[in-house]
Every structure is written in structure tokens, then in C-alpha cells.
Amino acid sequence: DPFFLFCAFWWVDNAAAFSAVAREAFHPVCPVWDENGYVMFCNCHGRFGNQAEEFLGALRFCQQHNRTCVLPHWVDFRHGKVLLTPFTDYFRLQPLQEFHKVVTMDDFMHHLAPSYWPPEERTLYCLYTHLECKLPLGNPTNTYWGNFDIEFRQFKNLPAQRITTKVRVLALGGSPGSFPVQKPNR
């Protein structure tokens with residue numbers, strides 16, 4: 001209902017005028033921790049079309065491993081600068097939530113990371129064990145992780161077949177999906 005959405009946004013924008021109790025009663029529910037874990041990745045390869053392909057592969061990977069997909073920001077290149085655009089600026093969450101478990105990067109970092117993924121536990125994992133696991137240098141990778149104040153303390157190789165729920169947040173330097181996306185995952 002468009003009127004309800006208008007009222008909801010008006011309420012949020014004007015919340016300072018109302019009591020803390022009233023704001024708390026209206027505030028959307030914070031994401032709940034998924035015991036199966038999360039997959040987050042830098043969707044940093046290429047322009048929008050390539051990023052969309054990688055995202056679809058990553059969503060399938062999350063589905064196969066029954067983990068919540070942390071929706072990455074889109075990387076825009078404008079006038080020699082790297083700009084990060086929230087996932088929800090381009091796509092609605094509801095259809096994705098009906099397909100699989102998802103949470104925005106902003107919601108994850110604001111609501112879940114402080115309790116479940118503190119800075120001292122932040123590890124970057126690499127699924128390709130034949131390569132040295134390290135954070136690629138330069139942009140957009142550094143801009144991407146830096147935007148969320150994420151500094152990795154460790155770098156570890158982890159073959160996809162050895163992923164367990166002991167790894168609560170599977171943070172990856174790139175998309176875990178195949179590129180180009182396989183036809184069944186489109």
C-alpha cells in the first residue's frame with residue numbers, strides 16, 4: 001500500500017518528534033542470527049553486468065550451503081572514483097527473501113557483527129587452495145572493505161567441501177559463484 005509506505009517513511013524521518021517508546025514500537029525488526037552462518041563477499045569484479053552474474057552464482061552457493069547471503073554493495077566506477085551503492089538502491093529485498101535467506105551488508109554490520117563477528121575474529125577465506133590467500137591490493141577491494149571498517153586479522157584457505165558451521169562468517173575476497181553464472185542459476 002503506497003500510503004502505508006509514505007506514512008512509514010514519514011514516521012522514520014520525523015521520529016525525533018515522538019517518544020522513544022513509540023519509535024521502538026514502530027522500528028523494523030532487527031535481523032536474527034542464523035546459526036548456519038553467513039557468506040559475505042566483495043562483488044568487485046567488473047561493471048554491473050559482471051557483478052550481477054557473480055551475485056547470482058554467490059546466491060546459489062549460499063543456497064547450497066544453507067547460509068544467509070550478506071547482500072553486497074554494488075561497485076560503481078564514476079569519473080575515476082569507486083562508489084558503493086547499497087544493494088537495495090537497485091533491487092527489492094522481498095523477492096530475494098522469498099527465494100533464500102538474505103540480509104543487507106549494512107544491517108549485518110550494524111546489528112549482527114558487533115555481537116557475532118567482532119574485529120578480532122575477522123578472517124578472509126579463500127576457496128581456491130592452490131593460490132595464496134590474501135586480500136587483493138588496490139581498488140575497489142580496499143574501498144569496499146574499508147567502507148565497512150573491516151580489517152581482516154587472518155587469511156585462510158578453506159576448500160568449499162570443508163565449510164562447516166564453525167566458520168560463522170565466511171568472508172570471501174570475491175564471489176564464491178562461477179563466472180559466468182551457470183544456466184540453472186539464472
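Predicted model: local features only at pLDDT ≥ 70, side-chain atom pairs only at ≥ 80, totals over all residues.
## Contacts around V103

Two residues are in contact when they have heavy atoms within 4.5 Å of each other. With neighbours within four places in sequence left aside, V103 is in contact with P31, Y38, T68, C69, V70, L71 and F108.

V103 belongs to strand β5, which covers residues 102–104. Is V103 buried or exposed? Its relative accessibility is 8%, and buried means under 20%, so V103 counts as buried. M40 is 63 residues away from V103 along the chain, and the C-alpha atoms of the two are separated by 10.0 Å.

## The overall fold

Stepping back to the whole protein, you will find six helices and eight strands. Going along the sequence, they come in the order α-α-β-α-β-β-β-α-β-α-β-α-β-β.

The protein has 186 residues, and 40% of them count as buried. Among contacts with a separation of 6 or more, 73% are between residues 24 or more positions apart.

In soluble globular proteins, nonpolar side chains tend to be buried together. Here, the largest nonpolar core has 23 residues, and those touching the most other members are M40, M105, F108, M109, W117, Y144 and I150. Which elements give two or more residues to this core? They are β1 (38–41), α5 (105–116), α6 (141–147) and β8 (169–172). The largest share, five residues, comes from α5.

Leaving aside its neighbours within four places in sequence, F108 is in contact with W33, Y38, M40, V70, V103, A113, W117 and V169. Another core, of 20 residues, lies apart from the largest one, and its members include L59, L71, L158 and I163. L71, as it happens, is also one of the contacts of V103.

## Two loop residues with positive phi

Most residues other than glycine have a negative phi. N66 is not a glycine, yet its phi is positive, at about 55°. You can find N66 in the loop between α3 (48–64) and β2 (68–71). With a relative accessibility of 38%, N66 counts as partly exposed.

H79 is another non-glycine residue with a positive phi, in this case about 50°. Where does H79 lie? H79 is in the loop between β3 (74–78) and β4 (81–85). Is H79 buried or exposed? Its relative accessibility is 85%, and exposed means over 50%, so H79 counts as exposed.

## The second largest pocket

Rolling a probe the size of a water molecule over the atoms shows where empty space is left. In this model, the second largest pocket holds about 300 Å³ of space. How many residues line the second largest pocket? There are 15 of them, and C126, Y128, K134, G173 and G174 lie nearest its centre.

Strand β6 (residues 123–126) gives the largest share of this lining, three residues. Sorted by class, the lining of the second largest pocket consists of nine nonpolar, four polar and two charged residues.

Note on methods. Residues numbered from 1 in each chain as written. Heavy atoms only, no water. Helix = DSSP H or I, 4+ residues; strand = E, 2+ residues; numbered from the N terminus. Buried < 20%, exposed > 50% of the residue type's maximum accessible area, 1.4 Å probe, protein only. 1 Å grid on protein atoms, 1.4 Å probe; cavity = no way out; pocket = protein on both sides within 12 Å on 5 of 7 lines; lining within 4 Å. Points joined across faces, edges and corners; volume = space filled by probe spheres on them. Nonpolar A, V, L, I, M, F, W, Y, C, P; charged D, E, K, R; others polar. Core = buried A, V, L, I, M, F, W, Y, C linked by side-chain atoms within 4.5 Å.
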